[in-house]
Amino acid sequence: MGHILRLVVVIACCLEGLWLAELSWAATDPATRPAAARRVTARWYGQMSGTHQTYASREPGSLGLSMSKPNMQQQTEARVVIREEVDDLTGARHAVVESLAWSSSVGDLYYLNKDGSRVRAGGGGSGSGSYDEHELLGESVEPNPEQLTDARQRVEQAQQSLEQARREYEKAQQEARAHGVDPAAAALQGPEKELIESLRSYRAMQTRPGATDEQIQAAQHRVERAQEQYRIRLDEQQKQIEQAYTRKLQPLVAKLQDTKLSEDERRKAGEELSRLSEQLARESQKISAASEELSHIQELDGLAQELAAAERYLHIAQHDLEELLNRRVSRASADADVEYDRALRQWRASLNFGVEDKRLLEFEADVIPLKLVGFKTVLRDQYEPTTMVASATRHRGLSFSEPADFAEENNIVLSSNEQYEGGSPGLIGGGKGRSQATFRRVPIEQQLLVQGTVLHRIRIPRDERDLNLVRHEAPGSAAPGSPAAAGSLEGALPVAGKVKVEAWLLDGNGDSPASNIPPDITVYTQENDAEFSLAVPADRNKWLFLRFTYHNKEAQLWETNELGIEIERILSAVGSDAQGNAPLDDIVRRSTAYFRYGKAPMEYPLGSERRGASVRREGSTTTLRFVGFNSILINSFILKTPYLNQNRHPFEIRAKVPAAKLLAARPAHISEATVRARMQLPASGPAPDETEIEVPIRGSVLCFPTSVAMSLAGVGLFDIPDGAQHSDHVARIASEIYEHYRTQYSKMPEMFPFPTDPAIIDQIAQESSVPPPYYLLGANLMFWANWTAMGAVYGHWPFVSGTQQSMEWLISLKHPTAKLNLTLYGRDGTKHALSPDTENYRPWQWAWITDSYVRKTYGSEAFTYDKPSEPYNVFATDSAKLINVLGHGWGSVVSISHRSSTGQRGGHLITLVGLITDCSGKVVRWIFHDPYGDQSRNPGIPGYYDPAKNPANYDQDPPQMQGEPATWGRYAPYGPEINSWNGRMEGRFWEIFKPTQPETVSTMRKRLLPSQPSPRLPGT
């Protein structure tokens, strides 16, 4: 009986572990439930190529002739990877286009005259594209409302059924446990063990995807046999008990029949007979109860089956709802089927693939169309490029459909080969061509996985002495007092966005693939951790060539990292590192940057380096890993920063006007009524000490507040939406710096560019009221010199209205040493040298004032390098200092010299937002937000203006100060060779702003300019 009770509870617990554990994730909202478990079984690796010629045709008649078609030769190569998956819960099979890449060119273009002569029809062109499975998903399809309602109702009904089944099953469990028997008290043996194992096997077979009816029936027969064996065991136990009691009862019965037995002996024998009879009845009752316990087991098993069925129904309902909600228009689709024909004892395979969205295959070519002029057909002189479609088959596009039979599952290759020809050049037209395609199915056991992480070479530094590059030096190896060695991955930054990863399997010695050969597979890094994973056939006779591409459209920047390695070397790697992986050393990696220079992308080699990789083996899977110090490194490091153009930010600043002082300094020859009107004062009465007026701010003085606004927004002190053409922060910063200086340092206006005592001016004006006779040359010269000098000072006096230039004295600092030279001559020849104040920039144009303002207003540390002993010139300073500042995430602005519009040396402020280093860590490009334009457009022309006055060569954006948007200076790549002034670009000072909180890897990644899906590389 104890065995029976244990059997009941053990079966209950086993069924609970086997089925209920699978139900814990079920939820009504599909978005909160893990996706169906899809298991990869194989990949199809396809190569497609096509060469197609379209003959030139001549349409009859004058009008028809203008519609003639040119001869055209097109060559296309394509690579496709299709992933086979199976859903382990539903048994459904899927084929996913994992990667698509193509390269196509069009040439040999000409029209054919009637006499057979040819007329060139354009230069043709080429294009390429590579896409991962996410780019191939297509646009979402709005679900049908009725279908959506029905699907949600099925999910709700399935959830209710599951809850009901769970309650019934739990109730049965409680009844089983009510017997108080610990299922772990004793191990089951014999028929009990076989019954549990057969029930477990039967349940697994019922839920196994792809299980045949024969397999399920066999498992059911096993349960029936186990149940029969258990019943036989119970019958045997009953029989054994009855036989044992019969042997004990027979002597007692015979003894009681003895007439000579004494009363005492008869009484004892009767008591023993009664005890044995009761014991026999109890044992018999236990055996009978065993049959009832077995019925209980079967009931529990039936409830478990209902519970599993309810869970399966819920999964299917949720899966259907997910499919409905996530349905997309297919851009490229595939269907693969591999089955074993038991009757024929062979494998049957079929594959269908096609690109539905032809936009994936489009590129532009130069094809000159014809036009009819009178009765004559001529080539068009103005036309748009012709959109072509990459085609590896006779029909436009890429497609494949082939079935075949094979003896072995591991050796399936589908192929097609088509040749065609028809028509002839001339009136009829036509064409010829050839297309080939081969798709090889590779089970996952025969694939090589390639995985890793893409990091920035620059990492977050530990301190201001840290050489914050991802390097191999051991921590602590630096000498005392020297910059700390970057011997750890602390602060390493995975590249934000999506880095393109392309792989080729090549013959030969691992040279770069030809530009017309598309990659065998394309994937992108994951956005959350910059990790990548791809699979290629483990072909020992091939080289694996990898290219990693960082690209950002706004910065017009590409960077590639390339490497090659023999697959044989990977598969043969031996040894073990600390993580149990086989190391691979000395893999040469080459980096190249492409950035704008001279109005076109320029290829810039960043050098090479040797780093390793590791090989991990888990079962039959071999993985090539690029992690840790062996991660793929990107040399571009750019902080995502909003861009503003200063020419889009004119504003007015409210300034103080020393009204009483100005009125007291008024010369007599200037009308008091005019002065009062300009200062907006009453016509009479005393003037107040101060009034206020709006001073217009335009032009060159805006570079400082615009650059500072961009930098402060970049470090998060306030927000400027990305792509904004205007921000009130520019005016606010200038106004607040003005107020900060006025209240903290000096009363404004600080300067007074006029004589405070008008006596000398009045005297000279009186003496010069009448011109001298013309024959007195000296007197005339002094007369005109006096009025010219006084006109420069008093021409629109008191300069509180009018132009920005005339009013800037109200908001400018006083020059500490320089004075305005005002020289006047009396009638007697007396020289009067007056020295009123002269201006020395506005408060926001001084770095030390801006530093003070930033510290007080935002609580952020700000400082400036402007001394010869400091790294004031970023183009000449040590790369380590630049890398440390940018790695900290600090914002900064740089003052540069440039040739002004007058041809003189001027100063201009630009925002430093990034760096590009070579593979040794030396800075080779400085990335700026230039608020005025982009000097990389015309790097040989000094400054922003062409001395020849050709607006087409101006670097000012926009050249005519009109139009929208103004973005030339966004992420401008500058270098010391650009001719900003005197043949080079140099810095005058470097002002730095720290964020209020130190950056972490998580916060810093949000600030990094992300990599985006990249088009073809420039020049390919």
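How big is the largest cavity in volume? The answer is about 60 Å³.

## Ground rules

This is a predicted model, where local features need pLDDT of at least 70 and side-chain atom pairs count only at pLDDT 80 or more, while totals for chains, interfaces and linings use all residues. Residues are numbered from 1 along each chain as its sequence is written, and side-chain values use heavy atoms, leaving out hydrogens and water.

On a 1 Å grid over the protein atoms alone, a cavity is a set of points where a 1.4 Å probe fits but can't get out; a pocket is an open set with protein on both sides within 12 Å along at least five of seven lines; lining residues have an atom within 4 Å of a point. Points join across faces, edges and corners, and a volume is the space filled by probe spheres set on them.

## The largest cavity

There are three cavities of 30 Å³ or more. The largest cavity has 13 lining residues, with Thr641, Ser711, Gly891, Leu912 and Val913 nearest its centre. Helix 10, strand 33 and strand 34 each give at least two lining residues (helices are DSSP runs of H or I, at least four residues, and strands of E, at least two, numbered from the N terminus).

## The largest pocket

The largest pocket takes up about 1100 Å³. Its lining counts 32 residues, and Tyr841, Gln845, Gly906, Gly907 and His908 sit closest to the centre.

Of 25 lining residues, Arg38, Val96, Leu137, Glu323 and Asn326 lie nearest the centre.
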